[in-house]
Amino acid sequence: MTAAEIGRGLRAGKFTSVEVTRHFLERIDRAGKALNAFITVTPERAMEAARRADASIARGEGGPLTGVPLAHKDIFCTEGVLTSAGSRMLSNFVAPYDATVVGRLAAAGMVMLGKTNMDEFAMGSSNENSWYGPVRNPWDGTKVPGGSSGGSAAAVAARLAPVATGTDTGGSIRQPAALTGLTGLKPTYGRVSRYGMIAFASSLDQAGVLAQSAEDAALVLAAMAGHDPRDSTSVGVAVPDYAAGLGRTVKGLRIGVIGEFFGAGLEQGTGSAVREALEGFRAMGAAIVELSLPNLPLSVPTYYVVAPAECSSNLSRFDGVRFGHRCADPRDLQDLYKRSRGEGFGAEVKRRIMTGTYVLSAGYYDAYYLKAQKVRSLINADFRRAFSEVDVLMGPTTPTPAFAIGAKVDDPVTMYLNDIYTIGANLAGLPAVSVPCGLVDGLPVGLQIIGPHFAEERLLAAAHAWQRETEWHRKLPPLFA
Amino acid sequence: MSIEWETVIGLEIHAQLATRSKIFSGSATAYGAAPNVQANLVDLGYPGVLPVLNREAVRMAVRFGLATGAKIARRSIFARKNYFYPDLPKGYQISQYERPIVEDGAVAIVLEDGAQTTIGITRAHLEEDAGKSLHEGLGGQSGIDLNRAGTPLLEIVSEPDMRSAREAIAYMKKVHTLVRYLEICDGNMQEGSFRCDANVSVRHRGRHEYGTRCEIKNLNSFRFVERAINYEVARQIELIESGGSVVQETRLFDANRNETRPMRSKEEANDYRYFPDPDLLPLALDEAFIEEIRAELPELPDPKAERFASEHGLSAYDAGVLTASRELADYYEAVVGILGGEAKLAANWVMGDLSGFLNRDNLEISQSPVSTQRLAGLLARIADGTISGKMAKEIFEAMWDGGADADAIIDAKGLRQITDTSAIELAIAGIIEAYPAQLADYRSGKDKLFGFFVGQVMKATAGKANPAQVNELLRKMLAG
């Protein structure tokens, strides 16, 4: 059942939130360990929230999500609950406050089941970089679920939770959604508050949803979006009723197909599935336009300058002084810093801190950071040009379906290329959604739809139209059917 | 022939802005609270928190820019200055680097000898303060107090336009006066609300290129600035004249030993890796916002001093002293207002007895026990001849200690001056009568005895007779 269906069932009195919540907690109990999808499960809190939700539903109060369970990526601060960001550094960090996203979804009546596993500090594309161990893909336990929101993806794909939050800095919602057969929405930069979301790369990070359907993504986005006075980069654009806009037709929709996304490196089965999906949209009355975004291939190198630069600074606060991991018996201040950080951070995080420190350092700033910012504005300009011709852009979300755990851990560059199609939207701050569009050797494949700033409604309507015509999003991993 | 040396000084003044809350969080900025009670999650740099710029701090920076005739950047940028230190919770300080909010201003200074000059202000930028590390009384451990972390600062960077410690002091005092006029900083130097770093170098007079400079950190009194600069100048000249050369470095002033010393050298120089803070949008200011602030500016010290000179007839020096603080100028002006004139009399009393008593009792003008009303009441009695200047001092002291108004004290002490000619004549007649021998001596040419008769008359009238009248009448009556 989707989140929307659970919400409708609750309001119709078919079942209670306590029953639904208990159902998901039992599923987590049975399968959570094997998938390693959760870092923390909060059954008592969940049951208490479910009882409160039932009471408000009984009073005729609440909205479409009241009483519907969800899981939060462990990057969102949750008051009184471990908030680890998948890192040893924060393996003792009980957040003293709720992230805005957490607070808003709680205010919408949603019931938190627990906190999901993730790549450490959201740095990774396979969820192998977690202090809490890798997450397994419910479709095939030997495969990665994608990352960094891999725990959220696995949890929803295996129906351990009807819906989950995620964050997307370079593809961390869309890529795992594609690899696990989910609908993954990364909103426009500034659409959702970043307050309380542990920062990786501040100018790229955006909170979003991993869901079973476009309808679920629409409902959850509406509840979490909107300006937040505590986040200066959140935007005051009014939040539309995304669910109400789902019925919009795709007839006449101008779809741009990015040529650069269909080059070498795109696995054949994935490419065919995406092309079939495009044909599907044409059949529904959309117009397909071939486009080129010449600077888009520079996304990956640009990203791997900008994101590490920001992360090298953002992660400086983890120094063993006020919170988080502290080494035993520091001899002096330098020793405290070096060992606390050396022990607290994993290899990929260290690699990015070092890269970022390098590109910002005196003598290299212009050649790397400044140049990357210039390329970023060129990529932006490419997108702007494209959106003067078409309504949305479409292409694959990832170059291949899920790969084997361990296959790319020793080769960071190959790993980074997983995000080759998703990073562009982050650099330009654009909203993008991945929807299931096929199976290749029993593994899901995602179609990515990118829109202009604040065009979430258009993206969700296109995704919904696709999901009314197809069953891909209803397919379950055989083990969890 | 000995070489003539020229000193070159530039100051970086840190003025703590008088906002109620911090520059990027809602915590209070009050001084003296128990450690860490004024630090919230944002100040502590907790995971997930974000800065939100305090609009009031921006207004204050703009006020300063407008008051110094500077350019106000329509778009300025906050950057991160990255370094590790325990009292810097985020591991970076948010500051303005490449694009400050204020650029290219100037202030005029006047030296004691009346010489005037203009000191350029390169830039003034907004930034957050760090916390404090405490090393004493903690049993060998170090403590961190983050109350100050995130306090808004305006860093005011001058051009290297000053040529002596005196000019540096005059400039620093002028900026101190300005920030208090503008009500953007309380100017409290003991609490560190107003402090400076001094960049000092020397060169042969006539040379264009600057010498190698040293930066003296964290000077928090005018006296220290003067002593530190003078020491440093002498040190550099001696060093060069003895064949050495100045090394560019950061030095600390030790007030007890009256010398500057190199700061403990760090293992290596910090590379601060400045880059624009992605958590804060560029600060965009529109004309309406700037014009609104311009319209709210108070009368500034220089125009006020000019007005006092031209309208009240004060000397440039007096006008300068009275306008050095807005409160003093307001006090003076209120007294003149109540008196309806007598500007010079009011100026003398405000700069003289009143300032003297305030200094003696270590009080601010706002704490003066003698109100403007009461001082004006006293001066009115001097002006109308009721009391003499000498009596006025006695009454002023009684007002200071007792709190009554001048007329009440005059009546209670019977201090009203005798100006009735016949009453004075009567007293003189009595004295002449009492001292026939002295009268004879005086009349035979012993002029010195005039003072004796004045003294006797004053004694007889308990000091209340108007001295001018006594002189005049006595001279007449002694002549016979």
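Author: Let's start with helix 9 of chain A and helix 11 of chain A, which are roughly perpendicular to each other, because their axes cross at roughly 100° and anything from 65 to 115 degrees counts as roughly perpendicular. Keep in mind that this is a predicted model. The two axes come within 7 Å.

Who actually meets whom? From helix 9 of chain A come V305(A), P308(A), A309(A), E310(A), C311(A) and S312(A). Facing them in helix 11 of chain A are R352(A), I353(A), T355(A), G356(A), T357(A), V359(A) and L360(A). Sort the residues of this contact by class and you get seven nonpolar, four polar and two charged.

Now step back to the contact between the chains, which takes 34 residues from chain A and 24 residues from chain B. Our two helices turn up again here: helix 9 (299–314), helix 10 (333–344) and helix 11 (347–360) of chain A are the elements giving two or more residues to the side of chain A that touches chain B. The largest share, three residues, comes from helix 9 of chain A. By class, that side of chain A has 18 nonpolar, nine polar and seven charged residues.

Over in chain B, there are three domains: domain 1 (5–292), domain 2 (299–412) and domain 3 (421–478). The C-alpha centres of domain 1 of chain B and domain 2 of chain B are 36 Å apart, and their contact takes seven residues from each of these two domains. On the domain 1 side, strand 6 (102–110) and helix 2 (165–181) of chain B each give two or more residues, and helix 2 of chain B gives the most, with four residues. That side divides into five nonpolar, one polar and one charged.

What about the inside? In soluble globular proteins, nonpolar side chains tend to be buried together. Here the largest nonpolar core has 228 residues, and L113(A), V220(A), A61(B) and A198(B) touch the most other members. Take V220(A): setting aside neighbours within four places in sequence, its contacts are A3(A), L65(A), V163(A), V209(A) and A211(A). There's also a second, separate core of 32 residues, with L314(B), L328(B), A347(B) and I395(B) among them.

Most residues other than glycine have a negative phi, and most peptide bonds are trans. N36(A), though, has a positive phi near 60°, and sits in the loop between helix 2 (17–35) and strand 1 (38–41) of chain A. N36(A) counts as buried because it has 20 C-beta neighbours inside 10 Å. F454(A) also has a positive phi, about 60°, and lies in the loop between strand 11 (443–450) and helix 15 (456–469) of chain A. With 19 C-beta neighbours inside 10 Å, F454(A) counts as partly exposed. And the peptide bond from G147(A) to S148(A) is cis, with omega near 10°; look for S148(A) in the loop between strand 3 (111–116) and helix 5 (150–157) of chain A.

Terms used:
Residues are numbered from 1 along each chain as its sequence is written. Chains are lettered from A and ligands numbered from 1 in the order in which they are written. This is a predicted model: local features need pLDDT of at least 70, side-chain atom pairs count only at pLDDT 80 or more; totals for chains, interfaces and linings use all residues. Ala, Val, Leu, Ile, Met, Phe, Trp, Tyr, Cys and Pro count as nonpolar, Asp, Glu, Lys and Arg as charged, and the others, Gly among them, as polar. Domain bounds come from an automatic or database domain assignment. A nonpolar core is a set of buried Ala, Val, Leu, Ile, Met, Phe, Trp, Tyr and Cys residues joined through C-beta atoms within 7 Å. A residue is buried if 20 or more other C-beta atoms lie within 10 Å of its own, exposed if 12 or fewer, and partly exposed in between; C-beta atoms are placed from the backbone. Axes are lines fitted to C-alpha atoms, for helices over the stretch in contact, and angles run from 0 to 180 degrees between N-to-C directions. Angles under 35 degrees count as roughly parallel, over 145 as roughly antiparallel, 65 to 115 as roughly perpendicular and the rest as oblique.
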